[in-house]
Amino acid sequence: AKYKEDLALLSKYVNNDTIYDFIRNWGVTLNGRRFTLGSNINVHEGVFVTLLLKNSIKPSTKVFNVVEVGFAFGTSSMYINNALNVLEDRANVKHTIIDPNQDKQWGFVGLYNVYRMKKPFIETEWIKDFSDKAFNIIKKYRKTKYDIAFVDGGHSYDIVMQDCKDVDVILKKGGLVIHDDVLHSDITKVIKEYYVGNKSYEKVKIEIKINKDGKETSKIVVDKEGCFPANIDKTKSFTNSKTMYAFRKLS
């Protein structure tokens with residue numbers, strides 16, 4: 001029943017056959033080798049990422065940049081590219097992916113999944129390095145400012161804290177930083193120390209409304225519940241994820 005519910009969510013909110021088949025088949029075969037899905041964001045998180053991007057893209061958008069830390073089999077990248085594809089013929093789009101192990105650990109499946117998802121107008125860049133070194137390159141040699149940062153790389157306290165500080169430098173005002181696995185002990189600690197009480201950021205979530213005609217709409221709103229509320233449960237929901245947080249940069 002849960003599996004059918006997930007596939008129904010994909011059909012309704014993501015609407016992409018490649019992603020649907022990848023999740024339904026729980027992996028992919030590449031060069032005669034079967035790769036079983038693992039180290040991936042779940043469907044609820046994928047819908048959350050999809051709606052965050054869709055609501056960040058405006059009719060006036062001419063430039064849109066996404067940086068992603070951690071790649072694995074490219075599940076999050078597939079959702080990201082599916083949302084970015086709507087910008088074809090009207091925007092310059094760059095997707096920067098940081099991962100030192102795509103070739104040896106993941107068999108290039110992540111890159112394969114990206115290139116069968118994305119449209120040619122998206123400039124895809126893979127930086128084969130750890131995030132601290134990759135961010136140093138971006139900060140030192142480039143003027144790129146990012147609209148979205150998706151952080152799902154190393155999970156140790158020091159790595160995640162440094163990722164937060166580096167993302168802050170390259171993220172646009174009004175941009176979003178998305179953190180996965182926030183219930184991981186070290187990531188929980190970083191979230192509490194870096195974002196709670198930080199006036200430069202506000203936690204946001206997706207709100208779904210149904211109008212009088214029965215049409216469903218979504219938007220990004222401030223999450224007044226905040227981080228790790230006392231009544232927290234681990235129920236997965238794309239409208240107020242317990243396992244993935246998004247923060248909007250205010251200044």
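**A helix pair and beyond**

Mentor: The crossing of α3 over α4 is right-handed. Keep in mind that this is a predicted model. Helix α3 covers residues 43-56, and helix α4 covers residues 75-84. Their axes come within 9 Å and cross at roughly 30°. Angles under 35 degrees count as roughly parallel. Therefore α3 and α4 are roughly parallel to each other.

Now look at who makes the contact. From α3 come Val43, Gly46, Val49, Thr50, Leu53 and Lys54. From α4 come Tyr79, Ile80, Ala83 and Leu84. Sort these by class and you get seven nonpolar, two polar and one charged.

Stay with α4 for a moment. Asparagine 81 sits in this helix. Its relative accessible area is 0%, so asparagine 81 is buried. What does asparagine 81 contact, leaving aside neighbours within four places in sequence? The partners are His95, Val114, Met117, Lys118 and Ile122. For a sense of distance, take isoleucine 178, which is 97 residues from asparagine 81 in sequence. Their C-alpha atoms are 15 Å apart in space.

Next, step into the loop between α3 and β3 (63-69), where you find isoleucine 57. Its relative accessibility is 10%, so isoleucine 57 counts as buried. Set aside residues up to four places away in sequence, and isoleucine 57 touches Phe64, Ala83, Leu84, Val86, Leu87 and Arg90. Histidine 155 lies 98 residues from isoleucine 57 along the chain, and 29 Å separates their C-alpha atoms.

Helix α7 spans residues 157-170, and helix α8 spans residues 185-194. Here the axes come within 8 Å and cross at roughly 40°. Therefore α7 and α8 are oblique to each other. This crossing is right-handed. On α7, the contact uses Tyr157, Val160, Met161, Cys164, Lys165 and Asp168. On α8, it uses Asp186, Ile187, Lys189, Val190, Glu193 and Tyr194. The classes here are seven nonpolar, no polar and five charged.

Tyr194 leads on to the rings. The structure holds 10 aromatic pairs. One of them joins tyrosine 194 to tyrosine 201. The centres are 6.3 Å apart, the planes stand at 55°, and the pair is tilted. Tyrosine 194 has 15% relative accessibility, so it counts as buried. Tyrosine 201 has 7%, so it counts as buried. Another pair is phenylalanine 228 with tyrosine 245. Their ring centres are 5.2 Å apart and their planes meet at 50°, so the pair is tilted. Phenylalanine 228 lies in the loop between β9 (216-222) and β10 (244-249), while tyrosine 245 lies in strand β10, so the pair ties together parts that are 17 residues apart in sequence. Both phenylalanine 228 and tyrosine 245 are buried. Finally, ring pairs link Tyr194, Tyr195, Tyr201, Phe228, Tyr245 and Phe247 into a cluster.

Notes. Residues numbered from 1 in each chain as written. Predicted model: local features only at pLDDT ≥ 70, side-chain atom pairs only at ≥ 80, totals over all residues. Heavy atoms only, no water. Axes fitted to C-alpha atoms, helices over the stretch in contact; angles between N-to-C directions. Helix = DSSP H or I, 4+ residues; strand = E, 2+ residues; numbered from the N terminus. Parallel < 35°, antiparallel > 145°, perpendicular 65-115°, else oblique. Left-handed = near helix turned anticlockwise from the far one by under 90°. Contact = heavy atoms within 4.5 Å. Nonpolar A, V, L, I, M, F, W, Y, C, P; charged D, E, K, R; others polar. Phe/Tyr/Trp six-rings, centres within 6.5 Å; stacked < 30°, edge-to-face > 60°. Buried < 20%, exposed > 50% of the residue type's maximum accessible area, 1.4 Å probe, protein only.
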